Amino acid sequence: MEDSSVKVTQTQEKPVGRVRPGVPILLGVLVLQVLLLVAGINLAIHAHDILAVLAFILLALLFIVYPGLKSLKPQEATVLTLFGDYYGTLKGPGFFHVNPFCTAYNPAATTKLGQSGDVSASKTLNLQTNSEVNLSSAQLSDKKIPLKLLTLNNNRQKINDVLGNPVEIGIAVIWRVVDTAKAVFEVENYKEFLSLQCDSALRNVVRNYPYDVTPGIDTTGDGIADEGSLRGSSETVARRIRDEIQEKVQVAGLEVVDARITYLAYAPEIASTMLRRQQASAIIDARAMIVDGAVSMVEMALKQLEESQVIDLDEERKAAMVSNLLVVLCGSQDAQPVINSGSIY
């Protein structure tokens, strides 16, 4: 029986095999070109046409060396291909010379998301940020891959929480490229891939939580109700989002360092209703606290009157006193007392 399983091979990052200092080669080529130019002109003047042509041909061939000159700043890398094959990754700051037939490859160089440290694109784009980006010609050919920490701010998403209430939520993801070969060869566009995985992970995690603490809700999947919520457990929610994103983007050679919730609110269509609900809940809690305190104060007053034997009250008078004290203590407006200068009976 034939094995129908398909083996998936991943490209592993490797350094460029042969790297030479760029400054000596640049100076040497410039000196040779000047000498060949002078020699070609002199040979042409003295009617040595064949030798002059050869000198100019050599002068032109030396221009092939220039594409092999590569300059990198700290925390930058360049993925090089040679006739379609992965040649290696050039890392580290400096000025180098590599095989001049190698070409830099970065399919995400023309993609601009809502993130820091990403200013390279080939045209006016309108991705994620909903704003136009005008680019200079110097940025068009920049295929370098930044290795520094980057921040991705995805658009706010409208997601239903575990109770079905629509909420709007946005996250900021701090990430970086750790394997340049996987980033450019294993996925079509590693920036868009990361953005889509952030959206997916955010939706998968948020739908397990209520917006606010709700009894009887299991947010961890262990079958036990807990007090997790988007508003009260933002650190836990962010950590779960970060772990899920990391699991998905590891194949692309990316590392998610941190994730943070940057915006959280009810969707506009239910925001006013939920606000009234929260206000009603707050009023009920406040009233319950006031009544509890008033009952304790009335009980204390009656007890002290009995212990000090200032006055003896029958049950009917006690009920009237309790009623009056509760009205005074629980009322939302100041009471207007009536002074009785005669007998209370």
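Leu54 counts as partly exposed because its relative accessibility is 45%, where partly exposed denotes the range between buried (under 20% relative accessible area) and exposed (over 50%), with a 1.4 Å probe and protein chains only. The model is predicted: local features need pLDDT of at least 70 and side-chain atom pairs count only at pLDDT 80 or more, whereas totals for chains, interfaces and linings use all residues. Residues are numbered from 1 along each chain as its sequence is written, and side-chain values use heavy atoms, without hydrogens or water.

**Surface patch**
- Leu54 belongs to helix α2, which spans residues 49–61; helices are DSSP runs of H or I with at least four residues, strands are runs of E with at least two, and both are numbered from the N terminus.
- Leu54 is also part of a nonpolar surface patch with Ile50, Leu51, Val53, Ile57, Leu58, Leu61, Ile64, Phe83 and Phe101, and together these residues have about 1,000 Å² of accessible area.
- Patch members have over 30% relative accessible area and no salt bridge; nonpolar side chains (Val, Leu, Ile, Met, Phe, Trp, Tyr) are joined within 5 Å, and like charges within 9 Å.
- A salt bridge places a side-chain nitrogen of Lys or Arg within 4 Å of a carboxyl oxygen of Asp or Glu.

**Whole chain**
- The protein chain holds seven helices and 11 strands, and 32% of its 345 residues count as buried.
- Among contacts (heavy atoms within 4.5 Å) between residues at least 6 apart in sequence, 66% join residues at least 24 apart.

**Three-stranded sheet**
- Three strands form an open sheet in the order β1-β5-β2, with antiparallel pairing.
- Its edge strands, β1 (20–21) and β2 (69–72), each pair on one side only.
- Strand β5 (residues 94–97) runs antiparallel to β1 and is joined to β1 by two bridges; strands pair if DSSP finds at least two bridges between them.
- Pro21 has Phe96 in β5 as its bridge partner.

**Aromatic pairs**
- There are six aromatic pairs, with rings of Phe, Tyr and Trp (its six-membered ring) paired if their centres lie within 6.5 Å; planes under 30 degrees apart are stacked, over 60 edge-to-face and the rest tilted.
- Tyr105 and Phe185 are stacked, because their ring centres are 5.6 Å apart and their planes at 15 degrees.
- This pair links distant parts of the chain, 80 residues apart: Tyr105 lies in the loop between β6 (103–104) and β7 (145–146), and Phe185 in helix α3 (residues 180–185).
- Tyr105 is partly exposed at 34% relative accessibility, as is Phe185 at 29%.
- Tyr86, Tyr105 and Phe185 make up one aromatic cluster.

Technical notes
Accessible areas come from the Shrake-Rupley method with a 1.4 Å probe; for residues, only the protein chains shown count as cover.
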